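Please look over the structure shown below before reading the briefing that follows, which is grouped by topic.

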Amino acid sequence: MKKIIYVQYTNPGIYPPLEHSSRCLSQDGWEVMFLGIGALNASVLCFPAHPQITVKLMPYCPPGWRQKLHYIQFCLWVVLETWHWQPRWVYASDSLSCPVALLISFFPKLSVIYHEHDTPSSTSNSLFIRLCLTARKHLATTAKMCVLPNQQRADRFQELMHSQKLFCVWNCPSQEEVYLPSSPRNPDELWIWYHGSIVPLQLPETILAALVILPAYVKLRVVGYETIGNEGYVEQLQKRAKELGISERFEYLGTLPTRKELFDSCQKCDIGIALFPHNNPQPMPGASNKPFDYLACGLALLVSDLPDWTQMYVEPGYGLACDPTYPESIAAQVKWFIEHPLERQEMGSRGKQRILQDWNYETQFATVKKSLI
């Protein structure tokens, strides 16, 4: 039996690519085990049950000295589980898993894949973070494969790390998610949709200010979780919506546990927003799953007016771009969607076909899967 262990010092349910890649491997006869922990405000996120995929999570531990002990316990647990289960591959999928992944890479007949979803900050003075970054550098050169979510990051990673074999795999949805039954939309309302981590840089208050400019039937629906350092932001948005007199037009659904539940709600909306700031330090096209998910649900896109976003999503006809720092810019593009309903629907349909064609995880992950022996 072919076996692979996924290791991450977080909840794997936060990262859809892990669910998709594990499903791809299970369909190819692999037995899959996830070893992770709970996550602040996101412990409810989970994978649907699958006979060949097992998920084991340690409880979440908040930052502090106890977390250091918790991390040591996690590493020992991973070592013992790996030794006992005897997998052929270990799939390390965050920088915090690098120390233990590097350790177990010395096990006989064991190979390592390193998948970096988010580029870690190199400016921390923490001894622990420096340890993880050092381990990351060594793992990048010893791992059989390294996976990055877009070409810009892959090129930068190769320049710094000199890894043996590098793959660029976009964070696309799976093909089966495109075929989920469509939910009916309310023709008397126009819903703007956002899902993901709820932080000011990706869900700015300017969206609420834009609603004030727009007709009363235009509403905003949000799904997701607050991250460390952004606790209370949902309450801040709700308070701001009340101040602007649009409380009934801002709906927060909390965190939906599974991708199916997420897509069921997303399909009831009309426009999906992915408004990354102009000064975002990480290149996001291909790495952000939001636009791909929205297109899989048949939504038109509203993205930031950045050159790479415009080239990838606007020029092919999947949506429009705006300046997320100005409510007037957001509102102007939403007004275009209102005045051109058929074109808006065609954008979503065109995007859904592109997801089926090649912007799906089965296609993106195929070269990695073929390299697993």
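**Briefing: helix packing, surface and charge pairs**

Helix α9 (residues 259-266) packs against helix α10 (residues 289-296) at an angle of about 65 degrees, and their axes lie 9 Å apart. The model is a predicted one, in which local features need pLDDT of at least 70, side-chain atom pairs count only at pLDDT 80 or more, and totals for chains, interfaces and linings use all residues. Residues are numbered from 1 along each chain as its sequence is written, and side-chain values use heavy atoms, with hydrogens and water left out.

**Helix contact**
- Arg259, Phe263 and Cys266 of α9 meet Asn289, Asp293, Tyr294 and Ala296 of α10 (contact means heavy atoms within 4.5 Å).
- Sorted by class, this contact of α9 with α10 has 4 nonpolar, 1 polar and 2 charged residues.

**Salt bridges**
- The structure holds 12 salt bridges, each a side-chain nitrogen of Lys or Arg within 4 Å of a carboxyl oxygen of Asp or Glu.
- One of them joins the side chains of Arg136 and Glu116 at 2.5 Å, N to O.
- This pair links distant parts of the chain, 20 residues apart, with Arg136 in helix α4 (residues 127-142) and Glu116 in the loop between β5 (111-115) and α4; helices (H or I, at least four residues) and strands (E, at least two) are DSSP runs, numbered from the N terminus.

Technical notes
Axes fitted to C-alpha atoms, helices over the stretch in contact; angles between N-to-C directions. Nonpolar A, V, L, I, M, F, W, Y, C, P; charged D, E, K, R; others polar.
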